[in-house]
Structures are given as structure tokens and as C-alpha cells.
Amino acid sequence: MAYVNDSSKKAKPFDLLLENSGYKDLRTAFDKLLLRPLWWLAEKGKSSRIKPFLRTQRARDMEDYLSLSDYKKTISKSIRQAERSKAPVLFEHPVNNTYGICVPLVKDEKTFGFFGICALKAKPRHGTIDVLSGYTHAIIDEISKDLELGRVYELVRPRAIALSTVHTINRLVTSILDIKELFPRIARLTLQILKAERVRICMVDKYTGALGCVAAVDYRKSKDLFKIRTKPSPTECKVVQSGRSVKKSNFLCVPLVDEEMCGTISVRDKVGKKEKFSIFDREILTTLAEQAVIAIKNAQIYKEQEDLTIGTIKSLGYLLDAKFPRAYTHTEFFVELMVELGKALGLTKKELKILHYSALLPDLGKVVMPEEILRKTKALSGKERKILKTHTVRGIEVLKYLDVLKPVVPIILHHHERYDGTGYPERLKAKDIPLGSRIMAVVDAFEAMVCHRPYRKPLPFRMAVSEIRRQAGKQFDPEVVKAFIRIVKIGRLEELVRKHPDELKKIT
Ligand SMILES: [Fe+2]
């Protein structure tokens, strides 16, 4: 059923009958049975154009034959008769006493054409006519089923694609919350679904109201090309203003609409030189745009929420620092080293982000510690140490209500566990300790050693590194220590220390 996949051309029963292999077999069989009669056909509405089946020598003979106006008249008469009765008609040519048969082609009680044979020297039997007519009807039934199947396919296909688009974008909604990652993903997905060469997503700036490109992919140049420095076209601006989609043969643009107009998504150049965008493509792109808006809004809200939470945590850190410098917060050096160590251990972007957040305020729980413990420069008593150790648990009590920071809770809770299982609060051992906590333990210890303290001088860089190495398998995870040593060997750690000299000295 080659025609089923070609939405641009609607298959006609008349053409399908001629292409049908069963019908070709029928003609071969009757050619033998009736001693090679002449075959003719006439499409409904074009009955005056009675044509031979094939342009063969015999066909040309037939054209000559048909050029006789009185023979045409005989066939035309039989056609009219067959149309009325919807049954085959046997006719006789009055001039040369030959016979012919006219079979109406009927589908759903409507006649769509006629075919027949003529130039028969002997009068055909009724049985022959019945077989010819019955076989033709069987083939038309088969064609009708194929046509129905094709119609259903054409009806279902865009909806199936639209449904699968909804499903795919829904997956994006739940899996990608990073807006910077989301735009190129939607762009590439659009190219894949619409089978286009170019795509561009433009968004309205919520402060200036200007339309700007946020993602553009041009597959004609490179599969990986992703550029946003393209200007929106006048058509895209028009789509945003009017809220109406635009469809041209090689261009499709639909608005991205939430509560208000928020942008456009447009595709250009259908893959395959002669292919054009169809109304189904517009339907699919519209569905895609509707789902994309949900994904974009979701990611934007998440980003705003994240920015707000992180901003609040940072502000809290600054406020606490003003009262007790570095009692609750750590240095920028601490944050950077955490991320650097995470990278050395092959953490994903998402994991690095969580690690970064966990480094912002790991000792937040100290807020509820008695001030005298925090101010104390002498050694703490057993009771005081016990109180101080609760800062991990108290810290997560504050953070667990902030959705964005939920993944950092285990890291902060266990950052004083030891690899050998002698740490706190749960005496977790080895890999039972979250990786983020194992990283933080190393960074926390290193920072403490190289920072100035009122009661001791900072340890020289090399000695601090040796101490970390010495504690591998005891206080620290040997794998994390290995990654730490790698950073030392490439000079990255020293670079970070030099980057923050004042900050490390300022620790009181
Ligand atoms: Fe701590």
C-alpha cells in the first residue's frame, strides 16, 4: 500500500483498480478466454473519454477503432445503461456485428467508472459476464478496504505523532529543570518530530517585552550547531503580536502561549527537497508548542524558586558572618574545592550543582548552638563537644523544608562521618556515607588545616596535603583522597589556595 504513506496524494479508486495486480491477472485470463478482446475504460465524469487500457500497438489499434463515432456512441450508450442499472451490460455493435461488455465500477453504491471489452466476434455467455463482473467487485472490495485503512492511517498518524510528542515533552518536563538545557532539547526534538532542517525558539523578555532568540539549530550546517545570536524574523514578531500561526510551504511558525504570549517556535525546510509542510505538521507543531510552554514555565518557576532559595541561604550566611565570622559558613575556597573534587571524581553536572549547594551552609545547625561554645577558643568540654556535634542534625531541620535543597540534606547530615565508621551522627562506614559527605569531609579538614585560627597557626600546604593522605581509609575515603592528590599534582589545589589568600587568612 504505497499510497498510504503519501499524505500529499489522495489515492483514487479508479487509479488503484488499474494498479491492482489481481485486476491485471483478470485481464490476462480473459484475454485467453475471449481470444484477445480489446479492453477499454472510462472514468466517471469523463465518460466521453473512453480510453484503451495500455498504450500498446493493440491500444493504438483500439484508439483508431474508437475514433469511429458510431462505435463510441455504442459504448457511451452501454455506459449510460450500466450506470442506471449498476449492472454489467452486454452490447452489440450494429456496424460490424461484434459484441462487447460494459462493467460499471461501483463502490459504496456510487459508480466511479466503467470498463469493458469489445470487438468480440462471438456473443459471450452470461456466465462469462457474471465471472467478469463478480471478480471485478471482489477487487473493488479489496481496494475499498485498503482505502479505508489508508484513510484511518492518515487520520490517526498526526494524532499518534501528537500523542507521542505530548508523552516525550512530558518526560522532558519531569527530567529537565535546567532552562538552559531545556531550550536546545526542545529545539532538537522539534526537528526530529517535524523532519525539518532548521528550528528556532524565541521568547519574549518579561522585563523589556522584546522578542529574542533562545535556541536555534541548523542541521544544514552541523548536527551539533546551537546558536542563539540570531534575530527573530518579522514573521516571528508578527506571530507573537497576532497570536496566530503561519504556514508556508517551507516555513511553519506557531506561538508559545501561556496565560500571555511568551514566544514562538518555528521550523524551516522540510527534510527532502520536494517535501512541504502540511496542515498536519502545523497541528503537530501546535501540540508540541502547547507542551513545550508547560515545560518552559515549569523550568522557569523552578529556576526562580532555586534562585530565591539560594539567594536566601547566601543572605543568611552573610548575616550570620556579620555576627560570628566563619562560624557557620565556609570560604569561597571551600566551595570551589568541593566542586573541583567532584569534577575529579567524575560527578555529573546535576551532582556538581547539589555539591555546590551543600557547600554553601553546611554548618547552619550551629545557629542554635550556645554562643559561648562558638566563641570558646580553649578546648571544649565533653558536654560542649556533644552539643556541638548536633549541628549536623539541627542544620537539616532547617533545610529540609526548602524543596530545592532536599538533595543536599544527606550530604550535610553526614559530613562529619568517618570512613572507618567512628564519626557522627550515625557512625556510618565507608560507601554507606553519601559521596558528597565524603568529599566534604576532606575539603572541610583541609580548609581547617590551612586557615588561620586564633589558637594556632595554619599548617603549611604540603603538611596539610600529607595529613589528608595519611587519613585515607581512616577518616577519609581513599578514592576521594586519590582524586584530591590528583588535583594537587596538576597544581590546581595550589592555584585555588593562591586565589583566596586573604579569605583564608581572615578566619578568626
Ligand atoms: Fe560541620
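## Basis and overall picture

Residues are numbered from 1 along each chain as its sequence is written. The model is predicted, so local features need pLDDT of at least 70 and side-chain atom pairs count only at pLDDT 80 or more, while totals for chains, interfaces and linings use all residues.

The protein has 19 helices and 10 strands. Both are DSSP runs, numbered from the N terminus: helices are H or I with at least four residues, strands are E with at least two. The protein holds 508 residues, and 31% of them count as buried. Buried means that 20 or more other C-beta atoms lie within 10 Å of the residue's own; exposed means 12 or fewer, and partly exposed is in between, with C-beta atoms placed from the backbone.

Two residues are in contact if their C-beta atoms, placed from the backbone, lie within 7 Å. Take the contacts with a separation of 6 or more: 59% of them join residues 24 or more positions apart.

Strand β3 (residues 89–93) runs antiparallel to strand β4 (residues 98–107), and 5 bridges join them. Strands pair if DSSP finds at least two bridges between them. Phe91 stands opposite Gly100 in β4. The two strands form a hairpin with 4 residues between them. In the turn, Asn97 has a positive phi of about 55°.

Asp108 is in the loop between β4 and β5. Its phi is also positive, near 50°, and Asp108 is not a glycine. Asp108 counts as exposed because it has 8 C-beta neighbours inside 10 Å.

Ala122 sits in the loop between β5 (110–120) and α5 (126–175). Is Ala122 buried or exposed? It counts as exposed, with 9 C-beta neighbours inside 10 Å. Ala122 and Thr98 are 24 residues apart along the chain, yet their C-alpha atoms are separated by 7.0 Å.

## Helix α15 and its partners

Helix α15 (residues 435–450) packs with helix α16 (residues 461–470): their axes come within 9 Å and cross at roughly 150°. Therefore α15 is roughly antiparallel to α16. Axes are lines fitted to C-alpha atoms, for helices over the stretch in contact, and angles run from 0 to 180 degrees between N-to-C directions. Angles under 35 degrees count as roughly parallel, over 145 as roughly antiparallel, 65 to 115 as roughly perpendicular and the rest as oblique. Val442, Ala445, Phe446, Met449 and Val450 in α15 meet Phe461, Ala464, Glu467 and Ile468 in α16. By class, this contact has 8 nonpolar, no polar and 1 charged residues. Ala, Val, Leu, Ile, Met, Phe, Trp, Tyr, Cys and Pro count as nonpolar; Asp, Glu, Lys and Arg are charged; the others, Gly among them, are polar.

Helix α10 (residues 349–358) also packs with α15, at an angle of about 50° with the axes 11 Å apart. So α10 is oblique to α15. Ile354, Leu355 and Ser358 in α10 meet Gly436, Ile439 and Met440 in α15. The residues of this contact divide into 4 nonpolar, 2 polar and no charged.

The peptide bond from Tyr424 to Pro425 is cis, with omega near 15°. Pro425 lies in the loop between α14 (409–413) and α15.

Asp269 is in strand β10 (residues 261–270). It has a positive phi of about 55° although it is not a glycine. Asp269 is partly exposed, because 18 other C-beta atoms lie within 10 Å.
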